[in-house]
Amino acid sequence: MIPESFNYHCPATIEEAIALASDHGDEAKYMSGGHSLIPMMKLRFATPAHVIDISRLEGLSYIKEEDGLLKIGGLTTEADLEYSELLAKKYPILIDVAKLIADPSVRNKATLGGNLAHGDSANDQPAVMLALRATIVATGPEGTGQASIDDFFHGFYMTALGPQDILTEIQIPVAGKGTGSAYHKIERKAGDYAASGVAVNLQIDGSGTCKEIGIGLTNVNPVPLRAQRSEDHLKGKKLTGDLILEAAKMAAEDCSPSADLRGSEAYKRSITRELTVRMINKALERAKANL
Amino acid sequence: MKKQITITINGEAFTREVESRLLLVHFIRDELGLTGTHIGCDTSNCGACTILIDGMSVKSCTTFAVQADGCEITTIEGVAQNGQFHALQEGFKEEHGLQCGFCTPGMIMRSIDMLNKNTNPTEEEIRWGISGNLCRCTGYVNIVKAIQYAAKKMAEPQETAEA
């Protein structure tokens, strides 16, 4: 499959990239790893006249804790996440998710920024970022701005990013004592999109009371979904088996999965409930080990 | 629409004028005649086109040649050194890791990256490690054995020239 012809640009600086995008308007598209865009171009679902390859911009690939935040550069690859010692120690959900995205060769190219900027609720990182209450930082023609992850996803392939904005950083509150997190998805085969996926990040105190909780759902809603009612049901309480099951049922009720090759609506609600139970328990187990 | 690129493949630098839309796998096979890199699904699912870009396994059907400008690429043709099989090639031979052989170059390129990152993988890690490479003969049992053979061989102390 051969894409339509296009002009390729490989700017060295972010200013140059934004200027190119501004010059070419609607005809331009940014590309980082290209593993969402190139398949779409090969199918001619996407036919940008100008592709602006931002993968060589300096200084946008890092994982660090600074000023009370975990900061991840937009061009950090999924493989960088998978092999990060810091994440393995303190943010296991990011290892869980990275290992489940596509396959190892794709993860060598695919970036976290690209995964989020693509705005596809079938992608795994959006739910994880909802659970982690991330903030998205982007630079565009008007300068640098940020958005809460709750305001970031607007619709199918639509985000808060303007066409000339480059997602430069993902910020996540530093994981404190008693924090635990987990992600899993049900897939038909390794590397498939999720039939359903559930991300949980929570914090407990010494008495086992849930101080904070974030729950994000993958591919069971037109836009990545926060299981708000489930979170509200658990926050401030001791997490018992009954309470967790009630919260999981709420998540299954509140999402809107569509029937497709990956299963019926009822099946997807059912596995959303079960995954929610399992991920809360797994996050809780990790939180207890971290008290 | 054309752009001049220089790519080093298996140690040799090639400069060509290419269309931006030329896929890297087509550059390797059609421009350079290195047909050991295969095209299977053409959709980044099967891994037959896997090569190394700067040491990392990448699916060359989902990469434009222009993206690899200035990079070092290794294909299956560059894996053997001085007429000696790479440990992975030897492993696939010794453990009957191939039947029709179509997936083999991709399997080997992927496994080189995997064993560079993890010198002693478990069977489960190997299976996840090749999860983006499909063998339609379904010969996975011997492919896993071939990779285990190579991991073991690569962990052995290397013979020095003096020895």
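A cavity, on a 1 Å grid over the protein atoms alone, is a set of points where a 1.4 Å probe fits but cannot get out; its lining residues have an atom within 4 Å of a point. Points are joined across faces, edges and corners, and the volume is the space filled by probe spheres set on them.

Some ground rules. This is a predicted model: local features need pLDDT of at least 70, side-chain atom pairs count only at pLDDT 80 or more, and totals for chains, interfaces and linings use all residues. Residues are numbered from 1 along each chain as its sequence is written, chains are lettered from A and ligands numbered from 1 in the order in which they are written, and side-chain values use heavy atoms, with hydrogens and water left out.

Cavities, then. Searching the whole structure turns up two of 30 Å³ or more. Strand S2 of chain A, residues 28-31, gives the most, three residues. Strands here are DSSP runs of E, at least two residues; helices are runs of H or I, at least four; both are numbered from the N terminus.

The largest cavity has a volume of about 40 Å³. Which residues line it? From chain A come Ala79, Glu82, Tyr83, Pro104, Arg107 and Asn108; from chain B, Arg110, Asp113 and Lys117. Helix H3 (78-82) and H6 of chain A, and helix H3 (104-117) of chain B, each supply at least two lining residues.

Now the interface. Contact, meaning heavy atoms within 4.5 Å, takes in 31 residues from chain A and 32 residues from chain B. The two chains bury about 2600 Å² between them, 58% of it on carbon and sulfur atoms. Buried area is the accessible area (1.4 Å probe) lost on putting two parts together, summed over both.

How many salt bridges cross between chain A and chain B? Two, by the rule: a side-chain nitrogen of Lys or Arg within 4 Å of a carboxyl oxygen of Asp or Glu. One salt bridge joins B:Lys59 to A:Asp103, at 2.6 Å, N to O.

On the side of chain A that touches chain B, strand S1 (7-9), helix H2 (37-42) and helix H6 (104-109) each supply at least two residues. H6(A) provides the largest share, five residues.

Methods: On a 1 Å grid over the protein atoms alone, a cavity is a set of points where a 1.4 Å probe fits but cannot get out, and a pocket is an open set with protein on both sides within 12 Å along at least five of seven lines; lining residues have an atom within 4 Å of a point.
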